[in-house]
Amino acid sequence: MAAIEVEDEDDVVINPATMLLRDDSDEVKTAETEQLRQHSLPSIGSTIVTRQLPSQGLSFQLWPAATTLLTLLDDHRRDPTASPLGPTISALESGRRLKILELGSGTGLVGIAAAATLGACVTVTDLPHVTDNLRYNVELNAAVLGGSGGSVTVAALRWGEAEDAEAIGREFDLVLASDVVYHDHLYEPLLKTLSFLLLGEGGVVFVMAHLRRWKKDSAFFKRARKVFEVEVLHVDRPCEGTRTGVTVYRFTRKPSKKVFKEVSVVNNVNGIL
């Protein structure tokens, strides 16, 4: 697949105050601190509903890149041959049910959409204090999931924590995430978890949707490219008043055995492998 050209990582800075979260979904306010959002999936004639709790923090709200993955999953269900995700998902499926892990799930929108559109077995994860709302949203969409043949389970996963990573395991085909690169102190824990998941024997693929907010985001990608092959699958058009749109990346293990050994040693020291 030909690489998609994107603007130089160090050329753009967008305003995090205005672009951290974006309000573009149908919303029903059920209480001062609770919002129900509806997300259409035309490809299966269904709607996902998620509960947001803005007063509880950013982990309980919809982030912009999640809606990009939702749209791409829906488009893939409609026409896999025209989908940016098509080659990746088709290569992983091989006539079997996909096992998918979502990192930093937040409201769980992406993981629920993946289960509904792909009929996949999905595990959605986030910090322990977020999992109750994740379970609520999974249960809220039980009918949609039941009709699609997909399933969703919820688990706590703290990036960089060996105990959490080993409890989750590596038995996945695809790892998804959206808007997980935003605080630089999380770069190393996220990369450790990705190393655990992707550097095993299974050939796991990581697909991440990212909306760039800071120049320092480029540091994450520079570190990631030392370990993984990183390819751009899709770039959204910028929203009105902004210079950048959401970019969707695919991470895979580098073929070099030397890189694998080096990363394995690092992760063993840090208690990840």
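**View 1. The buried residues of helix α2.** In this predicted model, the buried residues of α2 are Pro64, Ala65, Ala66, Thr67, Thr68, Leu69, Leu70, Leu72, Leu73, Asp74 and His76, where buried means under 20% relative accessible area, exposed over 50% and partly exposed in between, with a 1.4 Å probe and protein chains only. Because 11 of the 15 residues of α2 are buried, this helix is largely enclosed by the rest of the structure. Helices (H or I, at least four residues) and strands (E, at least two) are DSSP runs, numbered from the N terminus. The end C-alpha atoms of α2, which covers residues 64–78, are 22 Å apart, in agreement with the 21 Å that its 15 residues should span at 1.5 Å a residue, the expected span being 1.5 Å times one less than the number of residues.

**View 2. Helix α3 and what covers it.** In α3, residues 86–93, the buried residues are Gly86, Thr88, Ile89 and Leu92. Seen down the axis of α3, these buried residues fall within an arc of 170°, so they line one face of the helix; the arc is that of the directions from the helix axis to the C-beta atoms. Their cover includes α2, α4 (109–118), β7 (174–178), β8 (205–210), β9 (228–235) and β10 (247–253). After α3 comes Ser94, whose phi is positive, near 50°.

**View 3. Gly200 in its loop.** Gly200 lies in the loop between α8 (187–198) and β8, and is buried, with a relative accessible area of 12%. Leaving aside neighbours within four places in sequence, Gly200 is in contact with Arg170 and Arg253, contact meaning heavy atoms within 4.5 Å. Although Gly200 and Arg253 are 53 residues apart along the chain, their C-alpha atoms are separated by 8.9 Å.

**View 4. The largest pocket.** The largest pocket, with a volume of about 450 Å³, is lined by 27 residues, of which Ser59, Gly104, Asp126, Trp159 and Tyr182 lie nearest its centre. On a 1 Å grid over the protein atoms alone, a pocket is an open set of points where a 1.4 Å probe fits, with protein on both sides within 12 Å along at least five of seven lines, and lining residues have an atom within 4 Å of a point. Grid points are joined across faces, edges and corners, and the volume is the space filled by probe spheres set on the points.

**Notes to the views.** Residues are numbered from 1 along each chain as its sequence is written. Local features need pLDDT of at least 70 and side-chain atom pairs count only at pLDDT 80 or more, whereas totals for chains, interfaces and linings use all residues; side-chain values use heavy atoms, with hydrogens and water left out.
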